[in-house]
Amino acid sequence: MIFYLGTFLQDHWGPARLLQSYTVLISLVLYIGFFVTYKLLPKFYGVLPHDRGREFTPGAEAAKGKPTGAGVVFITIYALLCILFVPMRLVHGGILLLTWLTMLTGYLDDRSTNSWGEYLKGALDLIISIAASFLLYYCMLKDSSDGTVYFWLPFISNPIAIHPIVYIVIGTILLWASINTTNCTDGVDGLSSTLVLIALITMGTVFYFILGHKDIAAYLLVPHLIDGAKWALMTFALIGVLMGYLWHNAFPSSVLMGDAGSRALGFFIGVLVLVSGNPLLILATSTVIFLNGGMGLVKVFLLRFFHIQIFKNVRFPLHDHMKKNLGWSPTQVLLKFMIIQILITVAIIGLFFKIR
């Protein structure tokens, strides 16, 4: 809306053309998202559900009673900002809707007296993941010059054609895993949001400066993404609102994002990785998130369905093990996990984009 307003006004007022600059729009949406979330979020503390605590979780008592489900606030602010600032096509609007629906399923569980249960939530995540995979494949197919969807992979110069079934399967697994591992990582003040912030800054930068830039993409032998700047704009809008939330969630937190926030954030990270055309970029965005939350999912899956026990002496999510068994404080968990993820991100981005 703002983008098209700039188109209309520029003939009458020259500076209005700046509203067509993605650099200007990214700056505006980042700051507006931060300040609006920072100011508005505390006003909802009284109407948000309150955390009931988690059994057998170290430090759960500190969170008990705090307002939770804050994702319903900052994801809704994010959706409104995208509607205002992003010149959206079908794929952007569809993904924005699915992100909001992912938030909604988490929020309804947050406010429910009895938990919805892991099977119901897992099934809902699966439906949303399948829908997003179909949407992304269909829209990428329409944008393709030769009617084929490609993945570009590290250490290989030429992109690889992907069969639709393979794309849907890979996309569904990646999105479902990203939703649930990000959700599992939400248990230490500021941890999940900080790790997601690193992932979003990484992908926003990649979209705007590499994939969305025709000359740089050609130089690095990666496919040019026509809508790279639009995806960067959507990503930085989410960065802004997430920073506004993190201001209140920093240790000791005043509010928690709940499933409403963590599931939507995990979903959007997975979407960005799929849109980039390289599913292995999930390692650059979410290695620590996958290790922290994903290994626990694998452990439970193997034990429940195959009676195979692994990591018997390791508590998951891994941040619980660090606090309970190694005596790390919440601040130590946050800083050390953040440092590890930054080191991994820098290394993988360098390898994937320069060794082609």
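I start with Trp-116, which is partly exposed, with a relative accessible area of 28%. Buried here means under 20% relative accessible area, exposed means over 50%, and partly exposed lies in between, with a 1.4 Å probe and protein chains only. Trp-116 sits in the loop between helix 5 (90–111) and helix 6. Helices (H or I, at least four residues) and strands (E, at least two) are DSSP runs, numbered from the N terminus. Apart from its neighbours within four places in sequence, Trp-116 is in contact with Thr-105, Leu-108, Asp-109, Lys-121 and Leu-124, where contact means heavy atoms within 4.5 Å. Between the C-alpha atoms of Trp-116 and Gly-106 there are 9.5 Å, and the two are 10 residues apart along the chain.

A word on the basis of these values. This is a predicted model, in which local features need pLDDT of at least 70 and side-chain atom pairs count only at pLDDT 80 or more, while totals for chains, interfaces and linings use all residues. Residues are numbered from 1 along each chain as its sequence is written, and side-chain values use heavy atoms, with hydrogens and water left out.

Let me turn to the whole protein. It has 14 helices and two strands. For 356 residues, a compact globule would have a radius of gyration near 21 Å, and the 20 Å of the protein agrees with that; the radius is taken over C-alpha atoms, and the globule rule is 2.2 Å times the number of residues to the power 0.38. The C-alpha trace spans about 60 × 45 × 35 Å along the principal axes. Of the 356 residues, 52% count as buried. Among contacts between residues at least 6 apart in sequence, 74% join residues at least 24 apart.

Why does Ala-260 count as buried? Because its relative accessibility is 0%. Leaving aside neighbours within four places in sequence, Ala-260 is in contact with Gly-69, Gly-71, Val-72, Ile-75, Met-103, Gly-106, Tyr-107 and Asp-110.

Next, the second largest pocket. Its volume is about 630 Å³, that is, the space filled by probe spheres set on grid points joined across faces, edges and corners. A pocket, on a 1 Å grid over the protein atoms alone, is an open set of points where a 1.4 Å probe fits, with protein on both sides within 12 Å along at least five of seven lines; lining residues have an atom within 4 Å of a point. This pocket is lined by 23 residues, and Met-140, Asp-143, Ser-144, His-224 and Leu-225 lie nearest its centre. Helix 6 (118–143) and helix 11 (258–276) are the elements that give two or more residues to the lining, and helix 6 supplies the largest share, four residues.

Finally, the backbone. Most residues other than glycine have a negative phi, and most peptide bonds are trans. Phe-155, however, has a positive phi of about 70°, in the loop between strand 1 (150–151) and strand 2 (160–161). Leu-221 also has a positive phi, near 60°, and is placed in the loop between helix 9 (214–219) and helix 10. A cis peptide bond joins Phe-251 and Pro-252, with omega about -10°, and Pro-252 lies in the loop between helix 10 (228–249) and helix 11.
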